[in-house]
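Please find below a short note on the structure.

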Amino acid sequence: MADHPPSPPAKAEPISECLQELVANKGGEPPGRYCYKDGVGEVLDTSSLPLMKIPIIDIGLLASPTSICREELEKLHSALSSCGCFMSINHGMTSSFLDEVRLATKKFFALPMEEKQKYAREVDAMEGYGNDMILSEDQVLDWNDRLYLLASPEDQRQLRYWPESPANFRETLFEYTSKLRLITEVVLKAMARSLNLENNCFLDKYGARAIMQARFNFFPPCSRHHLVLGLKSHSDGSVITIVLQDKEVEGLQFLKDDQWFRVPIIPEALLINIGEQAEILSNGLFKSPIHRVVINPERERFSLAVFCSPDPDNEIEPVDGLVSKTRPRQYKKVKNYVGNYFQYYQRGKSPIEALKT
Ligand SMILES: O=C(O)CCC(=O)C(=O)O
Ligand SMILES: [Fe+2]
């Protein structure tokens, strides 16, 4: 881990009210602890930002021999070294199955509060239903409620946090994450091939006991939306993150060349972005993109982000083939990167800074 993680809070204080309740009680007027003093950004109406051109990549093709998918590998290489993300299609899941996952998410957040509270996260714990852990007094809170579940390794699943309602929730998530595992393998291998490295060099670091964390996000509308952020600007601590976006309501934005772009909605595609651990493994050739979520004034938005991270016992460092005299090693070795990631995140920081050589 980075040398000096932010010191732990004297006492993490839970938020008594979920955002959803707060919105219902106060009619959407955001309390101060959710507000950015000068507004969220340079433009108040973020819907006028340009749409980002995100490459579309065929996962079925990526899984085929290099002689057949050379062009797709080049596209992947260019996507990951420029914007750090791509839209994946032909990923082995039907649109109707993706809709089932979306519906299960929506139905969970629509449950009565007492029902959702059965899965509430404990103070100081990550897993479960809730919102931001408060680590400092000046922390601006994200305008979002979430359900956070560890899906892999399977023997570490804490099923007490896995909703039993809606009835198909658990089964749907089992199936969804097992499909994502296959996609992750294809993508990690293709990332290595696109850099002319040995096929398994990223996958071996990922390991058989890699971590998959599912984060179901609910972003309620906010009439004063320019004062709040659904998710503050961040880059992910994963190797790759796979995002199932809302089919109707935009919100995700990426920073590229100092300019914010809106992410388009492609209902049948999964958005894949690389995280900071892929940036480290690739010795900085792939850049983990900074992104944020803005809030719609009228409509609620849902998303499901699955963070795929290496086995925390594996050491992560730039792979040998990418370190040379002309491109010296840019990051120090690290273990259990995600272990401390959220302490940094809540303060708007990232552990990757402390690892730069
Ligand atoms: O809501 C989204 O589209 C993206 C979510 C995200 O970036 C995250 O959960 O880290
Ligand atoms: Fe993210």
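Which residues of β5 are buried on one side and on the other?

1. The model is predicted: local features need pLDDT of at least 70, side-chain atom pairs count only at pLDDT 80 or more, and totals for chains, interfaces and linings use all residues. Residues are numbered from 1 along each chain as its sequence is written, and side-chain values use heavy atoms, without hydrogens and water.

2. On one side of β5, I211, Q213, R215, N217 and F219 are buried, and on the other M212, A214, F216 and F218 are buried, which leaves both faces covered. Buried denotes under 20% relative accessible area, with a 1.4 Å probe and protein chains only. Strand β5 (residues 211-219) has nine of its nine residues buried, so it is largely enclosed by the rest of the structure.

3. Strand β4 (residues 145-152) runs antiparallel to β5, joined by seven bridges; L150 is opposite Q213. Nine bridges join β5 to strand β12 (residues 301-309), also antiparallel, and F302 in β12 is the bridge partner of F218. Strands are DSSP runs (E, at least two residues), and pairing requires at least two bridges found by DSSP.

4. Four strands form an open sheet in the order β6-β11-β8-β9, with antiparallel pairing. Its edge strands, β6 (231-234) and β9 (259-262), each pair on one side only. In β11, V293 stands opposite L231.

5. Helices α3 (residues 66-82) and α6 (residues 169-194), each a DSSP run of H or I with at least four residues, have axes (lines fitted to C-alpha atoms over the stretch in contact) that come within 9 Å and cross at roughly 90°.

Key: Chains lettered and ligands numbered in written order. Axes fitted to C-alpha atoms, helices over the stretch in contact; angles between N-to-C directions. Buried < 20%, exposed > 50% of the residue type's maximum accessible area, 1.4 Å probe, protein only.
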